[in-house]
Amino acid sequence: MSKKTLSKADLKAKICQQVDRQRGELVELSLRIHANPELGFEEVKAIGWLTDYLGNNGFVVEVGIGGFATAFKAFYGEGGPYVALLAEYDALPGVGHACGHNVIAAAAVGAGVASRVVVDNCGGTVIVFGTPAEELHGGKVGLLRAGVFEGVDVALMVHPGVRNRATGEALACVNLDIEFFGKAAHAAAYPDQGVNALEAMILAFNAINSLRQHIKEKARIHGIITHGGHAANVVPAYTAAKLLVRAPDNAYLEELKRRVLGCLEGAALATGARLACRWGDVLYEPLKSNRTLAKIFANNLEVLGRKVEPLDAPNSLGSTDMGNVSQVVPAIHPTIAIASPGTLLHSDEFARAAASETASEGVLDAAKALAMTVVDLMSEPRILAKVKAEFAGLIGRG
Ligand SMILES: [Zn+2]
Ligand SMILES: [Zn+2]
């Protein structure tokens with residue numbers, strides 16, 4: 001294996017040729033995962049197909065990392081730098097691949113296999129991590145706790161969307177399970193003897209609605225009532241709800257958590273129902289996009305003929321467990337356009353778009369731009385040094 005025989009331009013050209021040669025397989029992978037939606041932690045078929053592809057292309061594959069059966073690590077190369085490509089592949093209940101994680105998965109493995117030429121020429125290791133259950137359980141949070149990203153220098157992924165963006169914001173987010181316990185009674189004969197758990201819940205939601213007028217613009221509080229009572233002629237003795245609380249940073253999230261709790265306690269006091277609530281043990285952290293990395297990625301995507309939004313253009317706000325990764329490893333979470341602007345993420349329409357010809361083009365361009373970014377990182381040590389200096393706060397965020 002001869003090192004540094006190819007120029008950066010040669011390496012990028014080879015990467016694009018390699019992805020184009022794999023076009024059929026990558027599109028097929030994306031469509032097969034799309035046609036077989038699996039919920040978080042049940043993505044058995046998806047990881048089988050993805051790890052087969054990586055294994056058949058010279059990667060060393062380890063399935064079931066960090067204590068998660070549907071997580072995997074596949075690597076090619078030896079020694080540093082270690083560049084990670086993150087795949088997601090979970091679907092949503094009811095709407096299938098309405099977040100297009102099939103595109104993320106195919107792009108990540110395509111980029112991994114295309115990056116072999118960089119490793120052969122420059123050294124280093126490219127790792128594809130299979131990260132399960134992004135949507136409902138924050139799989140990456142568990143993988144971080146298990147230490148699987150330790151030693152990783154940079155973490156890259158691409159999410160499908162309606163615009164080409166190199167970076168974006170994502171909110172800190174935590175979930176809350178709420179229960180009110182009252183006392184059942186005949187709703188007409190003995191209303192004075194009952195304690196109404198449904199009134200407590202309605203009051204709690206109304207208090208939260210009042211609170212919402214006076215919170216910071218980017219914060220979000222939203223939820224559903226999952227149990228509202230059994231019969232109209234029985235005073236509801238039990239109600240349950242699920243809430244999500246989101247904020248632009250962890251400190252404001254903590255403040256909102258206190259204020260939401262106040263709304264619930266007030267409702268309990270007013271109705272006499274007993275409150276029980278539990279915050280989720282997975283907290284999605286805000287996304288810390290590495291701007292040095294984002295600029296490199298944007299440049300690579302533009303070379304492929306895509307128009308990329310300015311770095312600070314406003315974006316719609318969600319949350320992602322990539323936020324947690326981005327707090328400990330320099331990372332980006334860009335989006336690639338696979339649907340027309342106005343198509344809503346998590347909708348049937350987006351699910352259809354995720355299996356379209358446009359999505360297939362997105363898989364290929366995302367794989368190319370990711371692998372071209374691996375070229376920049378591995379062939380020029382000063383670029384990786386700059387990415388790390390920005391992460392460490394040693395230089396401004398450009
Ligand atoms: Zn989603
Ligand atoms: Zn998603």
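This briefing describes the sheets, helix packing, zinc site and backbone features of the structure above.

The model is predicted: local features require pLDDT of at least 70, side-chain atom pairs count only at pLDDT 80 or more, and totals for chains, interfaces and linings use all residues. Residues are numbered from 1 along each chain as its sequence is written, chains are lettered from A and ligands numbered from 1 in the order in which they are written, and side-chain values use heavy atoms, with hydrogens and water left out. Helices (H or I, at least four residues) and strands (E, at least two) are DSSP runs, numbered from the N terminus.

**The mixed sheet**

- An open sheet with mixed pairing is formed by 6 strands in the order E1-E2-E4-E3-E5-E11; two strands pair if DSSP finds at least two bridges between them.
- At its edges are strand E1 (60-63) and strand E11 (331-332), each of which pairs on one side only.
- Within this order, strand E3 (residues 82-87) pairs with strand E5 (residues 154-156) in the parallel sense, over 3 bridges.
- In that pairing, Ala84 has Ala155 of E5 opposite.
- Helix H4 (residues 101-114) lies across E3 and strand E4 (124-130), and runs at about 155° to E3. Axes are lines fitted to C-alpha atoms, for helices over the stretch in contact, and angles run from 0 to 180 degrees between N-to-C directions. Contact means heavy atoms within 4.5 Å.

**The antiparallel sheet and its helices**

- A further open sheet has 4 strands in the order E8-E9-E7-E10, with antiparallel pairing.
- Strand E8 (220-227) and strand E10 (274-279) are at the edges with a single partner strand each, so one side of each has no neighbour in the sheet.
- On average, neighbouring strands of this sheet are turned by 20° against each other, direction ignored.
- Strand E7 (residues 172-181) and strand E9 (residues 238-247) pair in the antiparallel sense over 10 bridges, and Asp177 stands opposite Lys242 in E9.
- Helix H7 lies across E7, E8 and E9 and runs at about 15° to E9.
- Helix H8 also packs on the sheet, where H8 touches E7, E8, E9 and E10 and makes about 10° with the direction of E7.

**Helix pairs**

- Helix H7 (residues 197-212) packs against helix H8 (residues 250-271) at an angle of about 145°, with the axes 8 Å apart.
- The crossing of H7 and H8 is right-handed; a crossing is left-handed if the near helix is turned anticlockwise from the far one by less than a right angle, and right-handed if clockwise.
- Residues meeting between the two helices include Leu203, Ala207 and Leu211 in H7 and Val260, Leu264 and Ala267 in H8.
- Helix H9 (residues 291-303) and helix H12 (residues 357-379) pack at about 130°, with their axes 9 Å apart. H9 is therefore oblique to H12: angles under 35 degrees count as roughly parallel, over 145 as roughly antiparallel, 65 to 115 as roughly perpendicular and the rest as oblique.
- H9 passes H12 in a right-handed crossing, and the contact involves, among others, Leu293, Ile296 and Phe297 of H9 and Ala369, Leu370 and Met372 of H12.

**The zinc site**

- Cys99 (SG), His101 (NE2) and His159 (NE2) coordinate the zinc ion (ligand 2) at 2.0 to 2.3 Å. Donors are N, O and S atoms within 2.8 Å of the metal (3.2 Å for Na, K and Ca); water is not among the atoms, so sites may look incomplete.
- Along the chain, the donors of this ion follow the spacing C-x1-H-x57-H.
- The zinc ion (ligand 2) and the zinc ion (ligand 1) lie 3.1 Å apart and are bridged by Cys99.
- Distant parts of the chain are linked here: Cys99 is in the loop between E3 and H4, and His159 is in strand E6 (residues 159-161), 60 residues apart.
- Both Cys99 and His159 are buried; buried means under 20% relative accessible area, exposed over 50%, and partly exposed in between (1.4 Å probe, protein chains only).

**Backbone features**

- Gly80 and Pro81 are joined by a cis peptide bond, with omega about -5°; Pro81 is in the loop between strand E2 (72-78) and E3.
- Ala133, a residue other than glycine, has a positive phi near 50°. Ala133 is in the loop between E4 and helix H6 (139-145) and is buried, at a relative accessible area of 0%.
- His346, also other than glycine, has a positive phi near 70°. His346 is in the loop between strand E12 (335-337) and helix H11 (348-353) and counts as partly exposed, at 38% relative accessibility.
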